[in-house]
Amino acid sequence: MSNKIRIGIIGFGGFGNFIYDALSHSEFFEVICVADKFKNSAEIPGDITFLKNWNDLLQLEEVDAVIISTPPVSHAEITLASLKAGKHVLTEKPLAISAKLCKEIKKAASEFNGIVMVDFLQRFNPLLEILHAFHSENLFGSLERFYVENYAQDETLPPSHWFWDKKVSGGILIEHAVHFIDIVHWFQAGEIEHISGFSDQRNTTQTDRMSATVQYKNGLLASHYHSFTRPDIFERTNMRFVFNTAQFELDGWIPESGNFIILGNKMIEEELQKLPNIRFTARKPVNAKKVRGELFDYTHLIEGSFASSQSKKELYALALQKILQDFYQKVKDQNHQTRVTLDDAIKAVYVAEEATQNSSS
């Protein structure tokens with residue numbers, strides 16, 4: 001294998017195009033082939049091989065790794081075939097549409113000594129990285145509550161779109177919510193106590209609202225609500241992290257800004273400066289008190305806001321570059337510990353699948 005990893009992209013829709021753009025000037029990767037049964041050669045940029053059949057791509061010895069950007073139902077089949085063909089895999093989420101298939105992929109990865117990663121972009125978002133570092137340093141005590149409310153657009157999802165077909169997408173929680181379920185596991189990877197779900201159908205073929213509530217044995221309660229009912233201009237996503245002594249709210253499905261209210265002190269206030277474009281809006285002195293029986297050394301109730309200087313598209317591209325770098329390091333050195341593991345991918349699908357099965361209209 002040369003220093004560059006030679007990539008074959010399977011599926012050249014929106015994410016496939018985005019991947020190609022991200023790799024086109026990379027010093028670590030070279031895209032040499034694209035496979036997409038719905039495209040033609042005129043739609044494929046660059047001087048690269050174009051194939052209709054992804055199986056044909058897997059027969060190319062010069063391909064070291066594949067990036068999968070196809071509907072979820074095909075992820076397991078393509079990943080398993082890629083591993084058997086000696087190719088490493090980076091796949092769009094979810095890893096598969098069932099936990100059982102995910103476990104088969106893990107077994108195959110071990111059997112064929114292959115690398116498989118899932119593009120859980122949220123773990124590489126700069127604002128979430130900072131918040132995760134705060135949590136790792138135990139600045140605010142335990143994470144006791146998380147919720148996400150995601151009001152997404154359906155303007156580009158006509159009734160005939162594969163998104164609405166659970167046999168193809170797995171449903172909203174498996175196709176989409178796994179991103180946010182994985183955030184919770186990144187912050188607090190506790191054992192699961194209970195999973196419940198809810199769904200509502202627009203008609204007999206379109207389930208457009210779903211939720212999952214997950215109770216963890218360490219006391220964390222996480223709620224995920226996802227609705228695909230709005231016009232594009234009215235999309236909104238809000239995430240809330242509630243710690244023992246702090247509450248953060250982040251805006252955007254790719255978080256771009258947020259606000260906080262914390263019980264803090266001088267040291268914590270200095271740590272908060274790591275947040276971009278931070279602005280303190282209120283500061284009130286308080287007397288130190290116990291929180292759930294534990295005494296915290298705080299002196300003020302502090303409120304404020306923060307915002308990234310980068311656009312949503314720039315943040316998306318930055319997260320993708322970080323994932324690709326992590327993937328590159330793992331392929332070159334299998335002892336490298338990636339930020340997203342196969343066990344992470346399996347656990348997210350398991351929660352989404354259980355909530356989907358437990359949901360009722």
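Hi everyone. A residue is called buried under 20% relative accessible area, exposed over 50%, and partly exposed in between, using a 1.4 Å probe and protein chains only. Before I use that, two notes on the model. It is predicted, so to speak of local features we need pLDDT of at least 70, and side-chain atom pairs count only at pLDDT 80 or more, while totals for chains, interfaces and linings use all residues. Residues are numbered from 1 along each chain as its sequence is written, and side-chain values use heavy atoms, with hydrogens and water left out.

Let's start with tyrosine 328, in helix H9, residues 312–332; helices here are DSSP runs of H or I with at least four residues, strands are E runs with at least two, and both are numbered from the N terminus. Tyrosine 328 is buried, because its relative accessible area is 9%.

What does tyrosine 328 contact, leaving aside neighbours within four places in sequence? Asn3, Ile5, Phe28 and Phe29, where contact means heavy atoms within 4.5 Å.

Now the rings. Phe, Tyr and Trp rings (the six-membered one for Trp) pair if their centres lie within 6.5 Å; planes under 30 degrees apart are stacked, over 60 edge-to-face, and the rest tilted. That rule gives 20 aromatic pairs. In one of them, phenylalanine 28 and tyrosine 328 have ring centres 4.6 Å apart and planes at 50°, so they are tilted. This pair links distant parts of the chain, 300 residues apart, with phenylalanine 28 in the loop between helix H1 and strand S2. Phenylalanine 28 itself is partly exposed, at 24% relative accessible area.
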